[in-house]
Structure formats: structure tokens, C-alpha cells
Amino acid sequence: MASFHKFRALRFSIKTFSQLYSTNFASGARHGFSRGFRSHSSLSTCEPKILKLEDYASGAEAERDYEDLRRIRQEFDAAKLSFLKIPEALRAMPKLNPEGIYVNKNLSLDNIQVYGFDYDYTLAHYSANLQCLIYDLAKEHLVNEFRYPDSCMKFKYDPTFPIRGLYYDKLKGCLLKLDFFGSIEPDGCYFGRRKLSPSEIKEIYGTRHIGRDQARGLVGLMDFFCFSEACLIADVVQHFVDAKLEFDACYIYQDVNRAIQYVHRSGLAHKEIIADPHAYLVNNGRLLRLLTMLKEKGKKLFLLTNSPFYFVDGGMRYMLEASMGYKDSWREIFDVVIAKANKPEFYTSEHPFRCYDTEKDNLTFTKVDAFLPNKIYYHGCLKSFLQISKWNGPEVIYFGDHLFSDLRGPSKAGWRTAAIIYELENEIRIQNEDSYRFEQAKFHIIQELLGKLHAIVGNGRKSDVYKSLLKELSQERQNARDTMKKMFNSSFGATFLTDTGQESAFAYHIHQYADVYTSKAENFLYHPPEAWLHVPFDIKIMPHHVKVPSGLFRNQ
């Protein structure tokens, strides 16, 4: 990036270099660096050590280094003056739509004739109460069935701790947030509930980058049910550490995962939800509008879920029939309904379909060679599904929330894919705020100045002046990074971004397996079925990310 030629010129002399910096800084502190906006980190008010010219090395190289350092210091001081208020240009930047559809691969909806949907967190959205329910039921299973200490019953689910897209290291017991390239986020590594320092990460892993051998011990926590799982894993690890009990990190994961799976497969969570749908299910009238609109346009619809039929039926009745006044059975909207599909094995196995008798609550013995109206099917596989339905891959789009279980198989099979990421709405709203964009621009300015600083001075010529400036710039960068992180989640930050502004590993998987992504399937109501969804021409990785340029501060 070019230097800040358009900033107001500052008069410098060797004699008054440090004094001028201190004066400008104190003036900014008196006026308040957070005036006119909120959630901005204040710059440090500590006066730097005054360094004299004679402290610096002599010679031609030293003179050049000094002039370069003086110029960077001048740019830094000018930048801090510009940080006193939000630039009007930043306020004028367009806002992204929290309910928009974001495109990784061009998609012509006119070519889509078949719409498929997962159920949980795709058609059905849940309140925060569900995570607490799953956490408590799994915790009880650990104590009652796996004989974990009774003291574990005191655990409480903490919604402020986990985010989606974390990894658990089964060998070392750490919860990790990784970036797009598989490196550990410096502030995103926890052992139990304790955040590890960069030096501790280096001691454990040797490097922040996770190699292939280390990656084999990692398990991804990618769907919306992972919140309770990640929190319970961390709480168990922390409890064992505090109690000074020896444990194997792999066993912790296996037991917690088995407990979570038991909560789902046993029907414990399903029965609680159906018994009190008002407490867990979120009503949304737009869902019925979307499904009926697609049917009226002549589209085929199918439901493919791992949940049992009674659970899906209870939820759909509540969301469509009881609340929305839909007079017909919800089953008449769908051409095919498949429950207990056992994804992701559904996409690779050769299991046959079985017809489910809803009145007798059992599976029939007749061969399934056609999908009949108003019938329910269990199990099956993708190969049989394509043979029976005659629906070709590119004309099918499938909506799901789990990148691996829901979308990886269809993506490889040639279906178009739509990821439903519920957190997307809130993250975009935060990114739209002036306070966030202000911190992002500050971060980019400091990052560029640090790049200049590292480029001008060789390892053998790092003076006290250099070290002082490096320390100040690094601290300001960390301040901006911490402020942005806390806007999303105090432990792990944003779901899609790392604290350094890079895309996360979760964002990488969305880019890999989702042609489009959005917060709710109902957002497709904003687009006609013949619309063409295209990748923005100026996007490098994730289309919902806006990079705030540091140049917005230049013309103030």
C-alpha cells in the first residue's frame, strides 16, 4: 500500500521526535478516542520511552534506517489522529443483507427442478433452550451410565463459550479454532476452559500449523448441535484438571460424543421437544410460503432427514398446520419424505428403502421401486434414490446445515448444495456496524505499517528506536484484534473469520461444499425461481465478507 501522502504534514526534527509524538498522543487522549462510536478499543495512554539519536547506531545504514523509522513514526502518529473519528467514507460503505444468499459457485435457479431439504436447523429452527437440553441430558448420561463423577452434575451449559467449526484434538485434549490454511488461531486454543498462550501452543504443537499427521487426531464440530458437545468436552476436561484426575483426551471425546449421540438416537431430546414445542421450536410463517411457492412453480420437493418420522411429523404439524393454519397435511407438500436416512452413509451405501407404516409404527416388507404420494420411507441410499426418482444431479439442490453429513455427499454426487448457517445473520449485522468496520480499518493500517517496519531494518540493526516502535504498533494491532473478536464471541471470535482477518477453516469447508449459503432456507423467497445467482466479480474467498480499506482514513 502507498504511504499516507495525503495526511496532514507533521513537522519533525531529530531533537523533537519523541516530544512531538507524546504531545499528539496526549491531545488525542484528552479528546477521547471513542467519541462518536461505540465498542472501539482505546489506544494506550502510556508515554513511550524517550530515545535519543545517540542511542541509535551510526553510519550510512543507520542514517537510512533512522529516516525510514522516522517516516513510519510520522505515518503512525498521523494515523492515530485520524482514529479520533469514523471517516464519512466508512459510514457510506454499503451494508450487506443479513438474509442474503451468498454465492460460491454460479447457480441458475431456472435449471433447478427439484428442491431437497434436511429437517433439523434447515426447515426447523430451534431456540437456545435446545442446547441446554442436549447438554443436560448428555451430562446425566455421562454420570449415570459411564460413571463419571457425580460432581459433573453441577455443570451448566455456557452459550457464550463455543462457536461452530471448532476442532477437538483427541490426542492432546485441546479445542482449536483453525484458519483457512489449517493453522491454529493464536487466541483460539483452549485446554478445558483455559485459553493457552502462544508459547504454550508452540510447546504443545511445535508450530501453529497443523500437519497431516496431527490432523488425523482432530475431529470437526460442524453442525448446530456441536455447541453443547464442545462445551461439555471443555467442562469435563477442566473438571478433571481441577480435580487432578488422570485422563485420556481421546476417551473424553468418545464418551461425550456417545452421550450426545444417545440423546438423539434414544429419542430423549425428541420427546422433550415434541412435548413442549413452544419452548424449543421457532415459528416462522415464511417457511410455508417458500414451500407452497415452489410447488406452485411446478418444482418437486423432497425431505431427507436422519430424524425419525414421529419427530418430524410433530414439528411440521406445529410449524405449518397448527400455527400457520395450513389446512392440508404437510406431507402433501412433499413428493418424497425419507426419514432415518443415516446420512452421510446414505450417499455411499447400498441400503434398500423401506416403507414406513405410520399407523402400525413398523416397516413393511414390500419392495420399494417407486415413491408413492403421501408415503413415508426409511433408510435407503443415494444410488436407489436416483434410480427410482429419475432426478438428475444438476437439476437437484439440497439444503442442509451440516457441511459433512448433509452437503459433502451431494456435492460429490453432482447435486447443487445450499448451506444453512443460522449464525450468518448475526455475524453480518456485526460486520455492518461502523464500530466493527472502524476497527477493521485500524487493523489494516497497523498491519501495513508493521510490514513496512519489518522490511526496512535487517536483523542485525534492530535498535531501541525500532524495538519501541515495533512494540507500540504490535500493541495497537492487538487492541484492534481483541475488540473485533469480542464483538462476536469472547472465547473464539467470529465463526467465519479469525482474529487476524483471515477466513476460518469453517469458511473453507463452506467454500468447498456449498454452492450457496444463507441463514435460512426461507431467504430464497427474495429470489424468483428463475433467478441467476452469480459469484461477485471482486470476491476472492467468502462473498459475504467486506474488506474495509485502510485508505478510508487518508482523506479526512
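In the predicted model, D68 counts as buried, because its relative accessibility of 18% falls under the 20% cut-off. D68 is part of helix α2, which covers residues 60-82. The side chain of D68 makes a polar contact of 2.8 Å with the side chain of R71.

E272 belongs to helix α9, formed by residues 268-275. With a relative accessible area of 37%, E272 is partly exposed, since this value lies between the 20% limit for buried residues and the 50% limit for exposed ones. When residues up to four places away in sequence are left out, E272 touches L133 and Y280. The C-alpha atoms of E272 and L130 are 9.5 Å apart in space, although 142 residues separate the two in sequence.

Five strands form an open sheet with antiparallel pairing, in the order β7-β6-β5-β4-β8. The edges are taken by β7 (194-195) and β8 (218-221); each has a single partner strand, so one side of each is left without a neighbour in the sheet. Strands of a sheet pair through backbone hydrogen bonds, in either a parallel or an antiparallel sense. Within this sheet, strand β5 (residues 174-178) and strand β6 (residues 184-191) are joined by 4 bridges in the antiparallel sense. L178 has I184, in β6, as its bridge partner.

Technical notes: Residues are numbered from 1 along each chain as its sequence is written. This is a predicted model: local features need pLDDT of at least 70, side-chain atom pairs count only at pLDDT 80 or more; totals for chains, interfaces and linings use all residues. Side-chain values use heavy atoms; hydrogens and water are left out. Helices (H or I, at least four residues) and strands (E, at least two) are DSSP runs, numbered from the N terminus. Buried means under 20% relative accessible area, exposed over 50%, partly exposed in between (1.4 Å probe, protein chains only). Contact means heavy atoms within 4.5 Å. Two strands pair if DSSP finds at least two bridges between them. A polar contact is a pair of N or O atoms within 3.5 Å; within protein, one must be able to donate a hydrogen and the other to accept it, and residues adjacent in sequence count only if both atoms are side-chain atoms.
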